[in-house]
Amino acid sequence: MSSSKTVIIRYTKVNRINHWITAICFVLLTLSGLAMFHPMLFWLSGLFGGGQWMRAAHPWIGCLLLLSYLGLIVQFWRENLVHKNDVEWLKQMRFVVANDEGHVPPVGRNNAGQKFVFWSMTLLIPVLFFSGLVIWEVYFGEATSIPVQRAAVLIHSLAAIAAILVWVVHVYAAIWVRDSVRAMTQGYVTPGWAWRHHRTWLREVANGEHGKDVIRKRP
Ligand code: HEM
């Protein structure tokens, strides 16, 4: 297996399209949500053709995000199950941040940081969706009382802040670990990348234990 001639398929085309639809929805929701959150940020509504268009679009984009993220859950839940050595990895995380992964236990397909992002979003996106339904005046305004809607606004805002923080961690990690972004744009990583960041996964792929993650000639 020569590292210059072979690559490992990490994400299929369906995985990647689903991921980027999720990412676009999330960014649009963040921009429109922030514009509604504070008057200082209302200028962001210009990106959506003004306040009214933005207010009408935001909940629909939220529905699309939920559907899209459900697609990611179906595709990725199994590889994000938490194992004993995830705790060990978290204890050694300072070495990952220092780009010195030699001291970190070998990692399977996903590390504990990726699992944290996955499960946090799995919790936060439904919370955002259901609290959002309660405050979607045009369709559900009559369905609940004002105190319930006030509580929903608070929950919606807190969940949004948490999701944005998790997203910042996710994007930072994606940029920090060189060549990760290529995995999500072109679908593949090199054996050297897998050896460095996901050694157990590399062994499993070499043994043919991951159905869709296969070794191929470099495109
Ligand atoms: C717009 C900015 C984003 C960028 C640049 C980005 C980048 C990436 C990259 C590079 C990977 C592959 C990591 C690897 O295989 O090592 C990835 C995976 C993933 N991303 Fe994103 N992402 C973004 C937004 C999002 C959002 C908003 C969500 C969810 C709400 C999300 C959820 C995921 C999930 C679930 C995976 C797969 C990890 C797994 O196997 O569970 N991403 N992303």
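Guide: The protein exposes about 13,200 Å², and carbon and sulfur atoms supply 69% of it. Accessible areas come from the Shrake-Rupley method with a 1.4 Å probe; for residues, only the protein chains shown count as cover. This is a predicted model, where local features need pLDDT of at least 70, side-chain atom pairs count only at pLDDT 80 or more, and totals for chains, interfaces and linings use all residues. Residues are numbered from 1 along each chain as its sequence is written, and side-chain values use heavy atoms, with hydrogens and water left out.

Visitor: What is the secondary structure of the protein?

Guide: The protein has 10 helices and 3 strands. Both are DSSP runs, numbered from the N terminus: helices are H or I with at least four residues, strands are E with at least two. Along the sequence the pattern reads β-α-α-α-α-α-α-α-α-β-α-α-β. The C-alpha atoms fill a box of roughly 60 × 35 × 30 Å, taken along the principal axes.

Visitor: What makes the site of the iron atom of the ligand octahedral?

Guide: The site has 6 donor atoms, with angles of 88 to 180° among them. Six donors count as octahedral if opposite donors are over 155 degrees apart and all others between 65 and 115. The site of the iron atom is therefore classed as octahedral.

Visitor: Which residues coordinate the iron atom of the ligand?

Guide: His-19 and His-170 do, each through NE2, at 2.0 Å. Donors are N, O and S atoms within 2.8 Å of the metal (3.2 Å for Na, K and Ca); water is not among the atoms, so sites may look incomplete. The pair links distant parts of the chain: His-19 sits in helix H1 (residues 13-37) and His-170 in helix H7 (residues 146-176), 151 residues apart.

Visitor: Why is His-19 called buried?

Guide: Its relative accessibility is 15%. Buried means under 20% relative accessible area, exposed over 50%, partly exposed in between (1.4 Å probe, protein chains only). So His-19 counts as buried. His-170 has 34%, so it is partly exposed. Of the 219 residues of the protein, 41% count as buried.

Visitor: Why is the pair of Phe-129 and Phe-130 called edge-to-face?

Guide: By the ring rule, the count comes to 11 aromatic pairs. In the pair of Phe-129 and Phe-130, the centres are 5.1 Å apart and the planes 80° apart. Rings of Phe, Tyr and Trp (its six-membered ring) pair if their centres lie within 6.5 Å; planes under 30 degrees apart count as stacked, over 60 as edge-to-face and the rest as tilted. So the pair is edge-to-face. Phe-129 has 19% relative accessibility, so it counts as buried. Phe-130 has 53%, so it counts as exposed. Elsewhere, ring pairs link Trp-60, Trp-136, Tyr-139 and Phe-140 into a cluster.

Visitor: How do you know that Arg-199 lies over the face of Trp-195?

Guide: Arg-199 is at 3.9 Å from the ring centre. A charge sits over a ring if NZ of Lys or CZ of Arg is within 6 Å of the ring centre and within 35 degrees of the ring normal. Arg-10 lies over the face of Trp-201, at 4.7 Å from the ring centre.

Visitor: Why does Ala-35 count as buried?

Guide: Its relative accessibility is 2%, so Ala-35 counts as buried. Ala-35 lies in helix H1. Not counting residues up to four places away in sequence, Ala-35 touches Leu-41, Phe-42, Leu-44, Ser-45 and Met-54. Contact means heavy atoms within 4.5 Å.

Definitions and conventions
Four donors count as tetrahedral if all angles lie between 85 and 135 degrees; four count as square planar and six as octahedral if opposite donors are over 155 degrees apart and all others between 65 and 115; anything else is irregular.
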